[in-house]
Structure formats: C-alpha cells, structure tokens
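Here's a quick briefing on charged side chains that pair up. Have a look at the sequence and the model first, then read on.

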Amino acid sequence: MKKIIIMLGLMLMAASGFADDEPLTLEGVQASVDAVQANADWLWTLIAAFMVFFMQLGFAMVETGFTRAKNAVNIIMKNLMDFSMGAIGYWAVGFGLMFGATTTGFFGTEGFFLSNWDMQDNWTLAFWIFQTVFCATAATIVSGAMAERTNLKAYLLFSLVMTTIIYPIAGSWYWGSLFHGEGWIEAFGFIDFAGSTVVHSVGGWAALAGAIVVGPRIGKYAKDGSVRAIPGHNIPLATIGVFILWFGWYGFNVGSETAADTALPLIAVNTTLAPAAGVLVALFTTVILYKKFDAGMSLNGALAGLVGITAGCANVTPAFAVLIGAIAGFLVVFSVIFFDKIRVDDPVGAISVHGVCGVWGTLAAGLFNYDFEAGGLSPVILPQIIGIVAAFVWAFGVSFIAFKIINIFIKIRVSETEELEGLDKHEHGVDAYPEYAKSLIK
C-alpha cells in the first residue's frame with residue numbers, strides 16, 4: 001500500500017510539472033505522498049458516510065416488513081423525517097454539543113451551526129457528514145419500538161430532542177476527543193470503536209423509554225398474561241432491509257477508521273463473521289424452542305451480531321468475532337421473549353437488538369480486547385461497565401422524561417379508532433397498498 005501511494009505521489013508531482021521545474025527531493029516526495037494519503041482518507045470517509053446513509057432505507061424496510069400494512073406509509077415517513085430533522089438539528093446544535101471544545105467536561109460549548117469550519121478546513125465537513133449519519137441511525141432505532149400506535153407529531157418532536165441533545169451529549173462523553181472535545185468516559189480507557197453503546201444502546205434505551213410510555217398495541221397481550229403474535233405483513237421486504245443494513249454496516253464499522261489504511265481488512269472480516277454467526281445461532285435457537293425455522297428471528301440474529309461486533313470490530317480477532325456474534329444471536333431471542341413477558345411491546349425487536357446486544361458488544365470489546373503488538377488478550381472491564389451504565393442512565397432517563405413532557409402537550413398515543421383503522425389512513429390520508437387495502441389491513 002505504501003509503495004502504491006509513493007508511486008501515486010510521484011505521478012502527481014510529474015503531472016503537476018513539479019518534476020520539471022524543481023529538483024526531486026525526499027521532502028517533496030513525502031509531501032506528495034501525504035497529500036495522496038489524506039485525499040484517500042477523506043474519500044473513504046465520505047464513501048462510508050454514504051453507505052451509512054443508505055442504512056436509513058434498510059431500517060425503513062425492516063420496520064415496514066415487521067409491521068402491518070395499514071401502517072407502512074407511517075413507518076417510511078418517520079424514517080424519512082428522522083434523517084431530515086436529524087441532519088438540520090445536528091448541524092445546528094448536536095455537532096457542537098458532541099464535538100465542540102468543552103469547558104464543562106460533559107459537552108461541547110462551541111461549533112454550533114458548523115461555526116468552527118472555514119474554507120481552509122474541509123475535514124470538518126467530511127467529519128460532520130460521517131457523524132450526522134450516525135446520529136440519524138440512533139434516532140431511527142426508536143421508531144421501530146414505538147411503531148403502529150404513536151402520534152407522528154409527538155414522535156417527530158422527540159426525534160428532534162434525540163438528535164440535538166440526547167445522542168450528542170452522550171456521544172461527547174465517549175468520542176469527544178475525535179474532534180475538538182474530550183469525553184470523561186473515554187478518559188477511563190473505554191472501548192467502543194464504532195458505537196455498540198454510543199449509537200445502538202443509546203438508541204435502544206431511548207426506544208425502551210418510548211415503548212413504556214406509549215404502551216403496547218391493542219390486542220398484543222391478553223388478560224391472562226399470554227402474548228399474542230401480531231405478524232408483520234411482508235417478511236421479504238424486511239429481508240431486503242436486513243441485507244441493506246448489513247451492507248451499510250461495512251461503512252459503519254470499517255468507515256469508523258476514517259482512514260484508508262491497513263486496519264480496514266480486519267474490521268471488514270469481523271463485520272462479516274459476527275452477523276453470520278448471529279444468524280445461525282438465532283435460527284437454531286428458534287428450532288429448539290419452537291420446532292420451526294423462524295425467519296424473523298433469524299433476520300434479527302444478523303442485526304444482533306452486527307450490533308455486537310460494532311464496539312470491538314477493530315480490536316478483536318476473527319475467532320472472537322464469531323463468538324461475539326453467536327452470543328448476540330442467542331441473546332436476542334431470549335431478550336425478545338423477556339420483554340414480551342414484562343409486557344413491553346416492541347414490534348421489530350429494536351430494544352433487544354440495539355439495547356441488549358449493544359451492551360453485550362461493549363462488554364465483549366473489553367473482555368476480548370487483543371493486544372496485537374504483544375500478541376495476547378488485554379481485558380478492559382471496569383471502563384466498559386462504567387460506559388454501559390452511564391449510557392443506560394442518561395439515554396433511558398432523559399428519554400423517559402422527554403416523552404412524559406411531550407405527552408402533556410401532544411398525546412403520544414393515537415386514539416383506539418386510529419390504531420385499529422391504521423395510521424396511514426388517519427395520519428397521511430393514503431394507503432400503501434390501495435388495491436389490496438381492505439384485505440391487508442384486517
């Protein structure tokens with residue numbers, strides 16, 4: 001790779017006429033090599049950001065497929081608005097809180113409206129768009145857990161709070177030093193390379209708060225305590241969504257290196273093995289439990305493995321990536337069962353996939369931390385526990401309070417009539433499948 005960059009540097013110098021006008025020097029070659037490397041870093045970071053943006057479509061397809069046809073338009077609108085509102089809110093406030101220089105030690109106090117960017121500092125723009133798509137990912141996790149019974153206006157108000165305050169302040173604690181800030185949790189040696197806690201658990205715990213406040217869907221739980229299945233209307237659509245998310249996750253994890261260097265292959269391999277193991281374990285766990293090859297749980301097994309490896313994708317070996325993904329696939333099955341037992345209705349399993357498996361992935365990143373220079377395990381435990389607990393307390397606590405306050409002004413729960421007839425009809429005045437609406441919404 002280094003030889004290629006040197007050759008590109010020499011070609012760049014020749015093309016610019018440098019070689020004809022000035023003598024070739026080591027300093028000149030090095031400057032050209034550095035320029036080529038910097039451009040490669042920027043290009044890869046932007047490509048990765050675009051891949052993570054594509055994950056918004058994946059989330060929309062997964063949530064739509066796992067829910068009923070009468071709410072399909074509502075689902076895609078929430079995902080569209082999560083990104084649109086999130087991008088503006090993160091530009092105005094969130095980025096400054098997360099990465100601005102800090103006088104408090106807990107959040108940034110400058111850089112709002114990208115005011116810390118000037119025409120000579122375009123890395124700020126590349127870094128901003130990469131972090132914006134991460135912010136939108138955390139926000140859209142909440143959508144699935146609250147699907148099919150949530151007032152759109154109330155949800156959008158929370159989404160704005162999530163992307164401007166809740167996620168950015170949490171992110172500043174863990175990742176602030178990636179730019180101008182400094183995080184009090186990262187100072188302990190906390191490991192979360194791409195966001196098992198920072199993105200996924202924060203989103204998962206906010207989703208848990210929302211699901212509790214809005215309550216379960218009508219008919220989900222019987223008076224005798226039994227759980228009634230409410231099948232999604234389009235598992236093939238959900239499958240397309242999972243494959244899109246898996247593809248986008250390479251941008252999520254590999255892109256978090258923000259450099260085109262030799263660390264990328266290991267991250268990519270781990271991001272392949274963990275979800276594959278998650279699928280297999282989730283699948284065979286359902287075979288043992290239900291005597292059926294459960295497609296929906298297998299899809300969530302892939303997502304569980306991806307969330308699980310996100311924290312440690314750069315610092316664990318491939319063998320441990322398989323183990324991390326396998327345990328995540330096992331955990332997601334029993335986590336879904338657990339939340340149903342305590343009557344927390346999560347139509348897509350977002351709390352289990354992102355919250356629970358985010359915790360496991362963060363802990364695993366410390367347990368299986370591999371010192372590649374010394375050639376052995378170097379476990380990191382206490383900082384991981386501190387980070388996990390802090391994320392839960394902040395994200396769940398503040399989200400719960402925010403939902404309660406919003407509910408005072410705008411009722412979060414739609415009426416019984418709106419829920420039974422479908423949010424598409426009442427919130428949007430349109431059916432996703434008008435030719436088949438009468439048969440599909442029953």
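**Salt bridges at a glance**

E419 counts as buried because its relative accessibility is 3%; buried means under 20% relative accessible area, exposed over 50%, and partly exposed in between (1.4 Å probe, protein chains only). This is a predicted model, where local features need pLDDT of at least 70, side-chain atom pairs count only at pLDDT 80 or more, and totals for chains, interfaces and linings use all residues. Residues are numbered from 1 along each chain as its sequence is written, and side-chain values use heavy atoms, with hydrogens and water left out.

**The E419 pair**
- E419 teams up with R413 in a salt bridge, 2.8 Å from N to O (a side-chain nitrogen of Lys or Arg within 4 Å of a carboxyl oxygen of Asp or Glu).
- R413 has 27% relative accessibility, so this residue counts as partly exposed.

**The wider count**
- Searching the whole structure turns up five salt bridges.

**Around R217**
- E148 and R217 form a salt bridge, with their closest N and O atoms 2.5 Å apart.
- E148 sits in the loop between α5 (123-145) and α6 (152-175), and R217 in the loop between α7 (196-214) and α8 (235-254), so the pair ties together parts 69 residues apart in sequence. Helices here are DSSP runs (H or I, at least four residues), numbered from the N terminus.
- R217 also forms a salt bridge with D345, the closest N and O atoms being 2.8 Å apart.
- D345 lies in the loop between α11 (318-341) and α12 (350-367), 128 residues from R217.
- E148 and R217 are both buried, and D345 is buried too.

Definitions and conventions: Helix = DSSP H or I, 4+ residues; strand = E, 2+ residues; numbered from the N terminus.
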